[in-house]
Every structure is written in C-alpha cells, then in structure tokens.
Amino acid sequence: MDNYQTYSEADTIHKLIKPSIYICGWTEDNLRYEENAGANIINPDTGKVKKDQKRIDITLRVKVAPETQPVAVALIEAKAAKYPPTRGLEQAKLYAGAKRLNVPFVYATNGFLFVEYDSLTGLTSQPRPMSEFPTPDDLRRRYEERMGFNLEDERAKPLLEPYVGGEASRRYYQDAAIRAALEKIAAGGNRVLLTLATGSGKTRIAVNLLKRIADAGQLRRALFLCDRDELRKQATGAFQEIFGNDAAPVSGRDAQTNARILIATYQTLDIDTDDADANFLTANYPPNFFSHIIIDEAHRSAWGKWSQVLRINPDAIQIGLTATPRQLKVESDSPEVRADEQISADNITYFGEPVYEYDIGQGIEDGYLAACEIRKSIVNLDETGITIADILARNPTDAITGERITEAKLREIYQKQNYEDEILLPDRVLAMAQDLFHHLLDTGGPHQKTIIFCVRDTHADAIAAVLNNLYAEWCTANGEKRAAPYAFKCTAANQGRDYLADLRGSNRTHFIATTVDLLSTGVDVPSIRNIAFFRYVKSPISFYQMIGRGTRLHTPTEKLMFRVYDYTDATDNFGKDFITAVAPEPSQSDGDTEREPREREPIIQVEGFDVRVTLAGRYIVADIDGQAMPLTIEEYREYVASNLLREVDTLEAFRALWVNPAARGELLAKLPSAGRSVLLLQKLTQMDAYDLYDILGELGYGLTPRTRTERAEAFNYKHIEWLDKLSPRAAATIRAIAAQFAYDGTDGLENPQIFRAPEVANAGGLEALKTVGKPADVLRETKERMFAA
C-alpha cells in the first residue's frame with residue numbers, strides 16, 4: 001500500500017473507499033456524484049463575478065430493477081486517510097438533511113473505518129471496518145422500514161419512474177425535493193409542502209413531479225394554480241413542453257375540462273378575494289374532479305379563498321409550493337374561524353412541516369442563484385424622527401390642494417415613520433435618490449435594471465421624477481444621449497403591467513422601476529441588478545418576495561450577482577419566521593398584491609429639512625446553518641476561521657496541505673461557499689496584495705501576513721544557503737520562479753506555463769532544474785520553502 005499519510009480526499013475515495021464498497025455490492029450504477037453549479041464569487045470593488053470550485057457529494061442509491069430510477073438513500077462524506085473517520089460528520093449531517101440532499105443515512109469515512117449516522121433515529125454508530133459497510137439490500141430494507149413503505153408498493157411507483165430527458169435535466173436539490181414529496185405520498189400522506197427560494201425552479205419541480213406520477217399511471221387530472229397571468233403563461237409553456245396538448249391554460253371562456261393538466265389563476269376560478277363567489281370553480285369542476293393539485297405561491301391569501309379548491313377536492317394529492325411558508329397568528333377564539341383561517345393561510349398547519357427546504361442562502365452558495373451584496377444606509381431623519389413641532393415650523397401643506405394643514409389635522413394623522421405615506425418630504429426623497437444614483441455610478445453606471453420599493457403611488461411618482469432629473473443632468477455633463485424613459489412608475493394605478501416587457505427586455509430604456517407592491521411577486525425579470533428599499537417592510541413574507549426579484553441569474557447580461565440598497569432596515573427580516581397576523585383584507589404587510597388605491601387622505605408636504613444619508617455597512621448574504629443571513633466582515637471572518645480550524649487544526653498541518661494542489665482544493669471546497677468566503681475577505685479587508693495562504697494563515701493561526709512581494713523577497717535571503725549549493729543557472733531559475741509568486745501567488749508557482757515566462761526561461765528554465773533533480777520535486781521544495789516559517 002502507498003503511504004496513506006499522503007493521500008488526498010480524492011486518493012482516499014478512489015484507492016480505499018470505492019474498492020471497499022464495491023466488495024459490499026455497490027457498483028457505479030449505485031453511485032451518483034451530485035454537483036452544484038459552483039459559487040459566484042463577488043469582487044466587491046469591481047462588481048465582477050467569477051465561478052468558483054464545485055462541491056461534489058457522493059450519494060448511494062438503490063435500484064429496484066435495471067430500468068427504474070435509482071432512489072438516493074445515503075451520503076458518503078470522505079476525509080483524507082490520515083484523519084479519523086468521524087471528521088466531517090457534523091458537516092455531512094447538514095448536507096444530507098431536508099435542506100440539501102434529503103437522504104436518511106450518512107457515512108463518514110477515512111477509507112479504513114466508517115461511522116454511520118441515521119437521521120431518522122438520531123443515532124451515530126461507533127467506528128467500524130469498511131468490510132462491514134452495509135450492502136445495497138441492507139440499506140434498501142432499512143430505508144423502507146424507516147419510510148413506512150416498500151419501494152414496490154403501488155403508491156411508491158412514481159419514485160421509480162425515470163426523469164424525462166435523463167438525470168441531466170434536473171439539479172440535485174430539485175431531485176431531493178421531488179423525492180421528498182413522493183416519499184411522503186408513498187407513505188400515505190396527501191398534503192405536501194415544498195419551500196424553495198424564488199428562482200430555484202419550482203415550476204420545473206412541479207412538471208417533473210406530475211410527469212413521474214403520470215408515468216406511474218396514477219394521475220387522472222391535475223390542477224396547477226398560480227396567482228398571475230404571467231405565471232400561468234410561463235407554467236403553460238413548461239407543462240406543454242413535457243405533456244404537449246394534454247396541458248392547457250384555463251380562461252374565463254374555456255374551462256379546459258378535457259385537458260389532463262389544467263393551469264389556472266386564482267382570478268380565473270373566482271377565488272382570489274373574500275368577495276369572490278367561486279362560481280367558475282364550482283360550475284365547471286365537480287367535487288374530486290382533480291386527482292392532484294399544486295398550489296404555486298402557497299403563502300398567498302391570508303384573506304383569499306383558494307382553499308375552496310382544496311375543500312372540494314379532499315381526495316386529491318395537494319402540494320403547496322412557496323418561497324415563504326406562512327404561519328398564522330390567529331386571534332379569534334371561534335373554532336370555525338380558526339379552521340377557516342388555518343386552511344386558507346397557515347401553510348404549516350394545513351400542509352405540515354415542509355418536506356424539503358432550499359433557501360436563498362443555499363442557492364447562492366451553490367451558484368444557482370445570484371450572489372447578494374447588501375449596502376445599508378442610514379437616513380438621519382429616520383434615526384432621530386421628526387416631531388409635530390418640526391413640521392408645524394415648516395408650514396406644512398396639503399400636497400394636492402396646497403392648503404395649509406392645521407395642527408389639529410396634523411395630530412390626527414401623524415405617526416412616526418409614515419414618511420412618504422401621510423407625510424411627503426421632498427428633501428428626503430431627493431437625498432435618498434441622489435445616494436442611490438451615486439451608488440449606480442460607482443458600480444457600473446446608471447443603466448442598470450433596478451426596482452425601488454416605495455410607500456405609495458405618490459411616493460413612486462416623486463422618486464421617478466427625481467431620478468429622471470439626476471439622470472438628465474448626468475447625461476448633459478457627460479455628453480451622453482439620454483434614454484427615455486429612464487425611471488418610471490410601475491404600479492397598479494398606472495397599469496404598470498404594461499411596462500413589464502420593457503423592463504425585462506429593453507436594454508435602451510426602462511431602467512429603474514418605482515413600485516409599491518406590483519413587482520413584489522410573480523414577476524420574472526432576470527436582468528434586475530439592484531433592489532432598493534425606500535419603504536419600511538415589516539413582513540418577512542413581503543421582504544423575501546421582494547428580494548426574490550433579484551435572485552435569478554441572467555446569462556445574456558452576464559448577471560451573476562445583485563445588490564440590495566437598504567435605507568429602511570428591511571434586510572433585518574433575514575432569518576425571521578414567516579408569521580403574520582390574520583388580515584381581513586389586503587394590507588401592505590402581506591405583500592402579495594398591489595394595494596388598491598385608497599380614498600384620498602390629506603398628504604402633508606413639508607420642505608426645509610436637512611436630510612443626510614450615510615453608509616452604515618456592507619454585508620454579504622451567506623448560508624449559515626441552512627439559513628440566509630447577512631454577515632459583517634468581522635462576523636464573516638470568525639465564521640470562516642471556525643470552519644478552517646475544523647478542517648486543519650494546526651499551522652504546520654496547514655502548511656503541509658497548502659503545497660499539495662489537490663489537498664488545497666479540497667480544503668477550499670470545504671470552507672463556506674466553496675472558497676468564495678476567502679476571496680471575499682481578501683477584497684473586503686483590502687488584502688489584494690496577499691496570497692490566500694497568508695489570509696488564511698492569519699485568520700486561523702495568527703500568522704503574521706506578508707504580501708506576495710514580501711514573501712518572494714524573503715525567500716531569497718531565508719534560503720540563501722540552499723540556493724548557494726546549487727549551480728548558478730539552477731539558483732537563478734529558482735529565484736525567477738519565486739519571483740512569479742509576487743505576481744500571482746500560489747497559482748503562479750503552479751502555472752503549467754511557468755517555464756515559458758521570459759524571466760524563468762532566460763535564467764535557465766526547465767533544463768537548469770534538471771541538473772538538480774526532477775523538476776517537479778524541485779518545484780515542490782521551492783513551494784515548501786516559500787511558506788516555511
């Protein structure tokens with residue numbers, strides 16, 4: 001046997017683990033290497049983003065027959081052979097759970113011994129030899145016992161149906177979500193909740209779910225219910241791609257009762273409001289007409305009536321899809337009221353806990369969603385507040401009539417933080433718009449697709465007007481042709497949906513949309529690069545729906561990241577539960593639909609305030625224990641350091657690992673965001689002149705960091721005795737190689753083209769090193785000495 005102390009994780013997998021499990025009956029047909037897309041690494045200074053290393057997880061799958069879809073049952077977490085088998089087990093538990101791979105068994109191994117964690121019992125085994133690794137039949141039997149069904153049961157048949165187009169047609173988390181849903185159904189459940197971030201492909205999941213159910217002969221007729229015409233159009237295209245003419249959109253003129261897959265909106269079925277009578281639903285679809293119902297955006301309707309679809313189809317398999325599972329805070333004591341409120345609004349009470357979750361943080365880490373940077377700012381008036389006396393001293397007027405507002409009327413309508421709703425402050429609008437415009441100029445220019453969430457319609461008007469003025473002034477000053485319209489209001493009051501095509505498709509006009517709620521949900525505009533909060537958002541449901549407008553990647557414009565400009569502490573909603581109080585009618589806090597215009601209230605306009613906006617901090621959204629959270633630089637440093645020390649506990653071990661490219665790559669892949677975390681810290685802490693070795697060395701082990709230039713110069717005097725023993729040409733070549741470190745760091749030393757660099761070639765190049773020994777050995781020793789104490 002080779003010296004296992006030198007094995008990397010890859011060596012351990014291929015030389016120890018695979019041979020051992022093959023003996024136990026596992027073949028290549030049973031193994032699946034699940035990859036993510038690779039994290040999107042943000043350079044906060046330039047805004048440029050590049051793809052980072054992919055994380056690869058090894059899943060074990062069981063097959064009932066050669067032609068059936070394998071079912072994932074376990075995850076193998078491999079560590080280099082020199083480490084104990086338990087190393088990485090805790091991390092693997094997170095990867096295997098209902099927020100990632102959705103498998104019940106986890107195996108952590110060093111190739112000699114393994115430990116098993118059973119997520120269904122919570123038990124971890126003692127280390128055992130690989131010769132005792134469970135067989136496929138063993139795991140299938142235990143999986144079936146834990147799940148409560150046999151894979152050959154009738155209800156389990158959809159689990160065995162292959163994907164249309166093969167496995168390449170799905171992402172790892174989509175497969176995990178589909179399996180989780182089908183497993184609950186196979187176990188006898190008929191209500192399923194899936195929670196996935198906006199942009200993660202919920203419609204694709206719905207299509208594949210129903211296709212596999214249909215291929216198993218268990219789908220009679222299905223309803224896909226969404227809340228916008230645009231979503232119906234998108235869903236129709238996705239379903240017809242797989243089901244052809246068996247999928248059809250429902251309209252007021254055609255109930256499509258002969259179709260197998262019906263795609264409808266709440267509005268079409270007359271179930272979108274409390275006042276709706278559900279006539280279309282009840283007139284066209286008798287009880288239990290549908291065998292399967294999928295509710296898209298299932299967080300909707302704290303006041304609506306879509307639950308009627310579920311009530312009149314009690315025997316149907318009912319599946320809820322949402323990015324924000326609503327939990328209801330019920331204040332009524334009436335059992336009837338509580339039951340009605342829970343079925344129509346409380347997803348957890350009705351559907352049960354989500355069988356699978358995939359949030360924005362995980363999507364960003366995997367590289368399937370755009371990375372997110374937050375820039376929080378403080379508006380001085382919002383911090384100090386303004387008093388009635390402050391307003392009266394500035395002669396407030398009615399913004400519509402121009403009449404003077406009396407003190408009595410002012411006291412009647414005044415509330416703190418009602419700015420731009422009952423109190424219009426032109427000075428605050430100008431200051432915030434100027435600040436945002438300057439940010440746009442600093443991050444690529446004014447022509448960036450942006451959504452600004454405003455308080456109400458008049459506020460959206462005011463912000464659009466100010467931004468158009470700022471843009472016109474900038475065009476004049478820079479000799480640029482003005483794009484018109486540049487900023488525009490996009491609300492229900494001005495038929496904002498008519499502008500969506502331009503916001504989405506035009507690259508010459510319609511850059512900044514000011515809205516209230518119209519663009520908060522159900523609108524797919526992948527090119528959006530910025531989300532700005534000019535209004536207070538108290539509801540986490542509203543907040544996540546709004547943030548979701550920026551999460552999609554957009555290949556045509558090379559969009560891999562988006563920014564959130566937060567002027568109102570809206571991002572404090574990260575990490576909060578989706579709990580809302582019962583609302584008898586739509587309100588701003590629900591965030592599910594554009595608010596209807598209210599009866600005119602006296603809007604107070606007050607000018608003369610000194611408004612200042614200051615940057616309060618920059619944050620990066622990271623996946624922390626399965627939840628998206630914004631972290632400050634210091635918090636991020638601590639988080640990365642703890643992960644580093646968990647993998648490599650001493651500086652000596654870190655040095656030895658760093659000079660091995662494969663081992664170094666494995667280490668970086670294990671750090672938060674697959675190494676993106678280190679590169680972010682390099683930029684955010686202004687350490688661009690330092691190699692990642694020094695950044696991590698300081699972070700985890702207190703190493704005094706040296707710049708690349710300092711480390712290259714130190715190499716020459718610290719190792720002069722070694723160099724003097726070599727021939728002049730060999731010593732000159734090594735010095736030239738070391739000098740490459742000053743330019744490109746570790747990557748420069750390992751560049752396959754290093755011997756073609758003029759400095760290296762002129763010093764003697766490859767032939768000079770051959771006089772010392774094998775060039776690969778000389779290069780390795782050079783690296784070891786470069787990072788020596």
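## Strands β22 and β23

Strand β22 and strand β23 (residues 512–515) run parallel and are joined by three bridges. Two strands count as paired if DSSP finds at least two bridges between them. Helices (H or I, at least four residues) and strands (E, at least two) are DSSP runs, numbered from the N terminus. Opposite Ala487 stands Ile512 in β23.

The model is predicted: local features need pLDDT of at least 70, side-chain atom pairs count only at pLDDT 80 or more, and totals for chains, interfaces and linings use all residues. Residues are numbered from 1 along each chain as its sequence is written, and side-chain values use heavy atoms, with hydrogens and water left out.

## The eight-stranded sheet

β22 and β23 belong to an open sheet of eight strands. The order is β22-β23-β21-β24-β25-β18-β28-β29, and the pairing is mixed. Which strands form the edges? They are β22 (487–489) and β29 (627–631), each pairing on one side only. From one strand to the next, the twist averages 20 degrees.

β24 has parallel partners on both sides: β21, over four bridges, and β25, also over four bridges. Phe453 stands opposite Phe533 in β24. Ile531 has Val564 in β25 as its bridge partner. In a regular strand the side chains alternate between the two faces of the sheet. In β24, Asn530 and Ala532 point one way, and Ile531 and Phe533 point the other way. All four are buried, meaning under 20% relative accessible area; exposed is over 50% and partly exposed lies in between (1.4 Å probe, protein chains only).

## Helices on the sheet

Helix α17 (residues 457–478) lies across β21 (450–453), β22 and β23. Its direction is at about 165 degrees to β22. Axes are lines fitted to C-alpha atoms, for helices over the stretch in contact, and angles run from 0 to 180 degrees between N-to-C directions. Helix α19 (residues 540–547) also packs on the sheet, touching β21, β24 (530–533), β25 (561–566) and β29. Contact means heavy atoms within 4.5 Å. α19 makes about 150 degrees with β24.

The loop between α17 and β22 holds Pro485. A cis peptide bond joins Ala484 to Pro485, with omega about -5 degrees.

## A helix pair

Helix α21 (residues 651–658) packs against helix α24 (residues 692–701) at about 160 degrees, with axes 11 Å apart. The two are therefore roughly antiparallel, a term for angles over 145 degrees. In α21, Leu651, Phe654, Arg655 and Trp658 meet Leu692, Tyr693, Leu696, Gly697 and Tyr701 in α24.

## Nonpolar cores

The largest nonpolar core has 78 residues. Such a core is a set of buried Ala, Val, Leu, Ile, Met, Phe, Trp, Tyr and Cys residues joined through side-chain atoms within 4.5 Å. Phe133, Leu194, Phe239 and Tyr356 touch the most other members. Helix α5 (residues 172–186) gives the most to this core, with 10 residues.

Beyond its neighbours within four places in sequence, Leu194 contacts residues including Ala177, Ala181, Ile205, Leu209 and Tyr356. A second, separate core has 51 residues, among them Leu631, Ala663, Leu723 and Phe741.

## Two asparagines

Asn102 is not a glycine, yet has a positive phi of about 55 degrees. It sits in the loop between α2 (89–96) and β6 (105–109). Is Asn102 buried or exposed? It is buried, with a relative accessible area of 12%.

Asn395 also has a positive phi, about 50 degrees. Its loop runs between α14 (388–392) and β19 (397–398). Asn395 is partly exposed, at 46% relative accessible area.

Conventions. Angles under 35 degrees count as roughly parallel, over 145 as roughly antiparallel, 65 to 115 as roughly perpendicular and the rest as oblique.
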